[in-house]
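Please take a moment with the sequence and the model before reading on.

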Amino acid sequence: VLYRSLTCLISENKRTLHTPLPEAQSNRLENEDDKQASNGTSCWTERSITPPGAQPPNTILVLLVLGLSFATRFYKLAEPPHICWDETHFGKMGSYYINRTFFFDVHPPLGKILIGLAGYMTGYDGTFPFVKPGDKYGHHNYWGMRGFCAALGSSLPVFAYFIVLELSHSNSAALIAAALLIFDTGSITISQYILLDPILMFFIMGAVLSMVKFNQQKPFCASWWLWLLLTGVNLSGAIGVKFVGLFVILLVGLNTAGDLWALLGDLQLSLVDVAKHLLARVTGLILLPLLLYVTVFAVHFAVLNKSGPGDGFFSSAFQSRLIGNNLHNASMPKYLAYGSTITVKNLRIAGGYLHSHWHLYPEGVGAKQQQVTAYLHKDYNNLWLVHKPDDGQGETKGFLDEAPMTRKHFQVTGYGINGSGDSNDLWRLEVCGGRRGDPVKVLRSKVRLLHVATGCVLYSSGKTLPKGWEQVEVTCSPYLKETPNSQWNIEDHINPKLPNISLSVLKPHFLEILLESHIVMIRGNSGLKPKDSEINSRPWHWPINYQGLRFSGVNETEYRVYLLGNPVTWWLNLACLGLYAVMVAVASIHCWVLMRGGGQLVLGWLLHYAPFYTMGRILYYHHYFPAMLFSSMLTGRSDLVTSWGICSYLSAFLPVRYLIFYIFHPLSYGMRGPLAHEPGSAMAGLKWMDSWEF
């Protein structure tokens with residue numbers, strides 16, 4: 001199929017090059033070519049030719065789309081006046097930026113930075129705690145953060161209008177695509193709250209619009225450079241909000257690869273000209289986004305310079321940067337020695353400190369001896385002594401009893417009285433990636449603790465013990481592969497016989513903390529597994545609108561908001577996706593369909609939808625909304641509707657779609673009173689699928 005598509009692309013370009021033009025237009029193009037040739041620049045003038053019958057943007061329609069978009073997104077924006085769904089996370093993170101308090105999140109920081117900035121600029125002081133959904137905002141100014149997200153969400157139908165207009169040159173097709181989004185209850189709901197989704201979708205649509213506008217410009221003109229650079233800016237914005245922004249980067253990358261391939265096959269261009277095109281794209285679509293992405297993290301680290309709830313997710317060296325952390329501007333001996341008192345921190349995310357308290361393992365759990373665990377908080381029981389093997393003093397003993405929770409691992413216990421023990425107490429510290437005998441540097445060295453008698457390695461499983469006072473299981477693993485669970489570092493170090501150094505000399509540099517933050521985010525994302533009692537949305541649910549998502553309220557006395565797409569819009573989008581597949585399967589119109597731009601929208605939908613089938617993390621209904629943008633634009637594409645004689649039917653269908661929106665609008669704007677299955681409910685008779693939970 002790809003081979004046939006490329007063949008069609010080349011043949012279509014040839015037909016475009018040889019299409020007879022009116023004499024005046026031909027003379028104008030020749031004059032432009034002469035000018036460019038004199039400047040040493042070769043331009044694809046045929047790319048900027050407007051197809052016959054193409055329609056320019058209609059100012060009245062643009063204003064109508066803009067007005068309806070803002071009206072539907074800002075209506076009842078302050079309702080409900082309490083935390084809804086994930087506002088408890090992203091509103092709190094905006095507060096952290098205002099207070100400059102360090103935190104951890106699995107997503108890159110740009111979206112939260114913008115939320116915090118919007119709150120700060122509109123008078124929010126960052127003092128609301130954002131504890132849980134349902135908590136009242138009271139006198140706190142939250143509308144600025146909601147308004148910022150609503151403004152970006154309001155731009156999506158406008159972007160859709162211009163994207164489809166560029167691809168179809170039809171105002172009717174562009175209006176249909178915009179209307180699908182304007183009157184979609186799900187798109188309204190997800191735009192009205194303090195969430196990352198409207199920010200992410202703003203940059204995705206901005207990147208797609210910039211890409212299609214760039215494709216229409218003459219090479220190396222001012223507008224060509226403008227749209228190229230704007231594409232790069234939006235790509236960095238998308239990946240800077242969520243890692244799923246990578247999908248639109250792939251879309252632009254594939255478009256660019258096809259563009260360069262066509263340039264390489266143009267015999268009128270020299271290799272120098274092709275190299276110029278390649279260099280320009282590398283600059284605008286790789287180097288510029290990378291620079292902006294790194295800059296976002298530089299701002300993130302500079303603003304969040306105070307110790308906070310995110311400290312424990314990062315290494316001890318990272319924590320030494322944070323004002324208020326016990327390691328900030330602290331001093332201690334640089335290298336570990338016998339006689340030192342230390343704390344040992346596991347390197348997995350929230351791995352905790354090696355810990356032992358007086359409590360014994362309960363009856364039936366291996367040896368009934370003193371517990372050895374990992375503890376997430378700083379505590380006196382985290383302190384350990386380092387002794388020489390021949391001192392006869394030991395604090396732990398490894399037995400060949402099975403670990404409490406992890407199969408095939410061994411239990412680790414505290415054993416001995418007044419420091420007396422046996423050979424099972426011996427553990428050897430090894431520097432990961434080093435040689436035997438290498439010194440152990442505080443904060444910086446990654447070490448393993450190997451049990452001398454059995455050869456197993458000390459391991460933090462991450463599993464919380466059922467009767468362990470929020471303690472995490474520590475085992476001895478027979479599997480010696482180096483993983484964060486089996487790696488530790490020395491954090492606190494006390495030894496009066498050694499000189500102290502300032503930990504400021506051991507602070508990591510920017511590239512180190514940038515790399516560490518990405519490792520922690522990736523591990524955090526992979527650790528988002530569905531819990532036993534948690535409902536995990538399936539990707540096949542999403543296109544058919546199988547199940548929504550409760551944003552607020554449960555019973556009839558509460559203010560209820562339910563995220564669910566307009567059923568007619570979503571099912572129409574699904575039908576048009578199927579229609580497009582049928583059209584591509586028909587060989588006689590294969591090339592024609594792909595050449596009209598629908599292929600880019602299908603590819604965008606696939607890239608933003610199909611990867612979720614491979615993800616092991618917990619998934620939610622809202623993950624589909626970026627893909628839904630592409631399916632809605634595909635529905636409005638003129639080569640799908642005008643060519644099959646149904647454009648007029650879709651246009652006439654707009655009032656019906658508005659009627660469905662009006663009927664379902666309480667889902668978006670909120671409702672109280674009887675539930676859907678009860679008489680007198682605003683949603684009575686509208687629960688078309690049993691899986692809908694409103």
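Two residues are said to be in contact when heavy atoms lie within 4.5 Å. By that rule, among the contacts in the protein chain with a separation of 6 or more, 74% are accounted for by residues 24 or more positions apart. This is a predicted model, in which local features need pLDDT of at least 70 and side-chain atom pairs count only at pLDDT 80 or more, while totals for chains, interfaces and linings use all residues. Residues are numbered from 1 along each chain as its sequence is written, and side-chain values use heavy atoms, with hydrogens and water left out.

The protein chain holds 20 helices and 15 strands, where helices (H or I, at least four residues) and strands (E, at least two) are DSSP runs numbered from the N terminus. Of its 694 residues, 52% are buried, a word that means under 20% relative accessible area, with a 1.4 Å probe and protein chains only.

Helix α6 is mostly covered, with 22 of its 26 residues buried, and it is followed by His169, whose phi is positive, near 55 degrees.

Thr101 sits in the loop between α4 (87-99) and α5 (110-121), and it counts as buried because its relative accessibility is 17%. Leaving aside residues up to four places away in sequence, Thr101 touches Tyr96, Leu304, Lys306, Ser307, Gly308 and Pro309. Thr101 and Val303 are 202 residues apart in sequence, yet 8.2 Å apart in space, C-alpha to C-alpha.

Conventions
Buried < 20%, exposed > 50% of the residue type's maximum accessible area, 1.4 Å probe, protein only.
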